[in-house]
Amino acid sequence: MVIAIDLGSNTFRVALIKKEQNGFSNEQIYEKIVGAARGLNESGKIGLEAKNRIFEAIAEAKSKFDFAKFKCVAVATEAFRVASNSEEIFSEIREKFGINFHIIDGQAEAKLTFLGVQNALRKLGINDKFSIIDIGGASSEIGEDGKFISFKFGIITFYERFKALDLMQENAKIYTKEAREFLTSLNNRLIVLTSGVPTTIVALKLGLNYESYDPKKVSGYELKNDDLTWFVNELLKMDDKNADVVVGRSRKYPLIAGTLLLEELLNGQEAKFIVIDDGLREGVGAAYLKGIFQEIITKF
């Protein structure tokens, strides 16, 4: 077994991953919103508040998982690829918590996410060819096996750039133009949506809130285009306090931003959209247990 960590531009996700006969499974999971990319557009750095939230999340994870017993493999993504103080933060994490983070590039991130999704689909009995869309906090990875592109837009950075709903609606199409064209060129009949935006849409459809969220109920859900418009309207109806309970603290507006981006990406796609909770975190664990993690992060 291995402890796999995905420190994303918005979310910190940890899982204890076990190898089984038919793939890999999560024995234990933990996740926390840390908003690493908040303020990144302006300062070019991971802010002090974000750093504190990251350190709190790592401390919580250390109290829940047996880091002394299991190997830990940790990756960090776009916010840390661009922030000028990433090395300083990870040096402090190594010293304080004994965890060594790999800052991986967009290609490696996409490949590892694909592995995590592929494993989850196989467990659901789905073996069709598929594309993935992973809209993160500061970047979005799109592709199919052997062909991936990491695009420089994400829910936190997009929201912080425009803030107002009308401006986000105006700019979502512009921001996603290249990504939409690339997705269309793949021409897959199955598109898998992973990351916090689609999983939260499904959770709300199922009547789950942030605390009662259940990845097993969410994975495999078929999303329709109408569900995205419905989700934005539901969030706009909620006051901020209620939204904090339903979708997680300070997530309302970035989720609206991400849904607008996703809406543009899916517009005109004649495919089935399946939501899978598993992603980069699971892909990191699977790659390590298969002995290909180092090869993936150094190849790309």
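1. In which sense do strands β9 and β11 pair, and over how many bridges? Strand β9 (residues 190-194) and strand β11 (residues 272-275) are parallel and share 4 bridges, where two strands pair if DSSP finds at least two bridges between them. Leu190 has Lys272 as its bridge partner in β11. Strand β11 is also joined by 3 bridges to β10, in the antiparallel sense, and there Leu223 stands opposite Phe273.

2. On provenance, this is a predicted model, in which local features need pLDDT of at least 70 and side-chain atom pairs count only at pLDDT 80 or more, while totals for chains, interfaces and linings use all residues. Residues are numbered from 1 along each chain as its sequence is written, and side-chain values use heavy atoms, with hydrogens and water left out. Helices (H or I, at least four residues) and strands (E, at least two) are DSSP runs, numbered from the N terminus.

3. An open sheet of 5 strands has the order β3-β2-β1-β4-β5, with mixed pairing. Because β3 (23-33) and β5 (101-103) are at the edges, each with a single partner strand, one side of each is left without a neighbour in the sheet. From one strand to the next the twist averages 20°, angles running from 0 to 180 degrees between N-to-C directions of axes that are lines fitted to C-alpha atoms, for helices over the stretch in contact. Within this sheet, β1 (residues 2-7) and β4 (residues 71-76) run parallel, joined by 6 bridges, and Ala4 stands opposite Val73 in β4.

4. Helix α2 (residues 48-64) lies across β1, β2 (11-20), β3 and β5, and runs at about 135° to β3. Helix α13 (residues 280-290) also packs on the sheet, where it touches β1, β2, β3 and β4 (contact means heavy atoms within 4.5 Å), and its direction makes about 40° with that of β2.

5. The axes of helix α5 (residues 106-123) and α13 come within 7 Å and cross at roughly 85°, so α5 is roughly perpendicular to α13, a label given to angles of 65 to 115 degrees. Among the residues that meet are Leu112 and Leu115 in α5, and Val284 and Ala287 in α13.

Methods:
Angles under 35 degrees count as roughly parallel, over 145 as roughly antiparallel, 65 to 115 as roughly perpendicular and the rest as oblique.
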